[in-house]
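Hi everyone, thanks for coming.

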Amino acid sequence: MAVISDNCPDIDVTLVDKDKNKIDAWNNKDLSKLPIFEPGLKEVISRNRGKNLFFSCEIKQSIQEADMVFISVNTPTKIKGLGAGYASDLKWVESSARLVAEYSEGHTIVVEKSTVPVRTAELIQEILGESKTGINSKNNKTFSVISSPEFLAEGTAIKDLENPDRVLIGGSDKVSMNLLKEIYSRWICNEKILLTNVWSSELSKLIANAFLAQRVSSINSISALCESTGANIHEVVKAIGSDKRIGAKFLSPGPGFGGSCFKKDILNLVYLCRYYKLEETANYWEQVLFINYWQKKRISSLIIEKFFGTVSNKKILILGFSFKCNTNDTRESPAISISKDLIDNGAQLFINDPKVQKEQIEIELEIKEFEVDELSLGSWNFINDLDNVPRNIDAIIVLTEWKEYIGINWEKLCSKMRRPAWIFDTRNIIPKEVIKESNINYWQVGKSL
Ligand code: UGA
């Protein structure tokens, strides 16, 4: 929305939330304290906030004044009830639609931005439709529901929004669709703006994420085969990625995919397939998740095995806790399950991340900093500055590909390790020459030792 305000100075964009703390954080004068770290975001906000970009808790008034309402709420996987563990929880989409139904005036275009299961637009339309016939309704209200899913990736969000591969607008009301198209066409060429029916638009979002996740799981499964056979994953990636039909992107092996979307969207897709009795299709896509789970477990197990089956009392430095670089988002980060496995096996972890706060790590690991796990005696603490890494560490595990880690003084860090020491590079970012000279064992994903 901030990018819309940046490209359309004549359009007022108001972001509303019930949570006053969140809104206060977005209104913070100190732009370095915005709740989300995203390259380029604070610049966009500083250019437009207070001019045509507003953050507010005034939900009623904002909806009343709006010609277009974007529903961009979370749709996490349901943890209870029908479809638990697979289906998306639409309670926030539903409550947002009810607010629009209650407060809107005149004609309102409702844009479904959240990633939703197919046919959610129908649910929104139904809720809005009811408001026209309900007891308190004003009869002059009309609505048009269209879908326009978001394809930005964290860490490159502003770039992706400025120059997207495509923008999708799904619906049946051509007038509303063209109004939204007109907004996007201020900075995106018309050929990239695709108009589809509403269900194709909703489904395309799930399928795009499923295909991307499938590539990551495919290459991660092959990383294990490379380690066993002596093939080198980077040579394989180069060889297959040079084939234009396959393409070179999204083929980096790693500790498994994280983030708030891939897992949730595939679970949702699997649920949808099973709902339509397409068991084979559901099983096929579910396998992408099994491989992702397996890759994380495979990595924590092999670390333990390299220490002859025990990491109890071992000092291990974890480099990176976010699910990928250039974001402070830790949702579904592979660092969570790998760190938990090591703590459960008695390791003493020192965790560093350039952007993730220790409070966030505490929430994800469900054990407080310095607290000792009763059964395993494992623990963790946060290392803000790598100069403070203690002596005699046994292992370093690179879990996020932050560019800061490439430029580390590896010689100095390696000098703090006690032998036999191991470096596990799950992102293949450490220059091998540095490690070679320091007599330290080195494991890289997708390469044999
Ligand atoms: C993903 C999609 O890329 C976006 O198009 C989509 O809009 C977004 O989900 C969403 O639905 O909101 P995001 O989760 O932010 O974006 O990040 P990605 O760049 O897709 O990375 C996801 C995970 O896959 C990360 O853990 C990353 O490290 C991993 N990954 C990615 C690899 O391990 N290897 C790769 O080659 C690429």
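How many residues of domain 1 are in contact with residues of domain 2? Five residues of domain 1 touch seven residues of domain 2, where contact means that the C-beta atoms, placed from the backbone, lie within 7 Å. On the domain 1 side, that's two nonpolar, one polar and two charged residues. For these classes, Ala, Val, Leu, Ile, Met, Phe, Trp, Tyr, Cys and Pro count as nonpolar, Asp, Glu, Lys and Arg as charged, and the others, Gly among them, as polar.

Domain 1 runs over 2-206 and domain 2 over 291-444, with bounds from an automatic or database domain assignment. Their centres, taken over C-alpha atoms, are 38 Å apart.

Quick housekeeping. This is a predicted model, where local features need pLDDT of at least 70, side-chain atom pairs count only at pLDDT 80 or more, and totals for chains, interfaces and linings use all residues. Residues are numbered from 1 along each chain as its sequence is written.

Now the whole protein. We've got 17 helices and 13 strands; those are DSSP runs numbered from the N terminus, helices being H or I with at least four residues and strands E with at least two. The radius of gyration is 24 Å, close to the 22 Å from the globule rule for 449 residues, so the protein is as compact as a globular protein of that length. That radius is taken over C-alpha atoms, and the rule is 2.2 Å times the number of residues to the power 0.38. The C-alpha trace spans about 75 × 50 × 45 Å along its principal axes.

As for burial, 37% of the 449 residues count as buried. Buried means 20 or more other C-beta atoms within 10 Å of the residue's own, exposed means 12 or fewer, and partly exposed is in between, with C-beta atoms placed from the backbone.

Let's zoom in on helix H8, residues 174-184. Which of its residues are buried? They're Ser176, Met177, Leu180 and Tyr184. These four cover an arc of only 100° around the axis, which puts them on the same side of H8; the arc uses the directions from the helix axis to the C-beta atoms. Here's some background: an α-helix has 3.6 residues a turn, so residues three or four places apart point the same way. The buried residues of H8 pack against strands S4 (107-112), S5 (142-147), S6 (167-170) and S7 (193-196). On the face turned away sit the exposed residues Lys174, Val175 and Glu182.

Next, the ligand. It is surrounded by 20 residues, the closest being Ser252, Gly254, Phe257, Gly259 and Cys261; a residue counts as near if its C-beta atom, placed from the backbone, lies within 6 Å. By class, the shell has 11 nonpolar, six polar and three charged residues. Helix H9, residues 198-229, gives the largest share, three residues.

Most residues other than glycine have a negative phi, and most peptide bonds are trans. Arg119 has a positive phi of about 85°, and Arg119 is in the loop between S4 and helix H6 (120-133). Asn392 also has a positive phi, near 65°, in the loop between strand S10 (379-382) and strand S11 (393-398). And the peptide bond from Arg419 to Pro420 is cis, with omega near 0°; Pro420 lies in strand S12, residues 417-425.

Note on methods. Contact = placed C-beta atoms within 7 Å.
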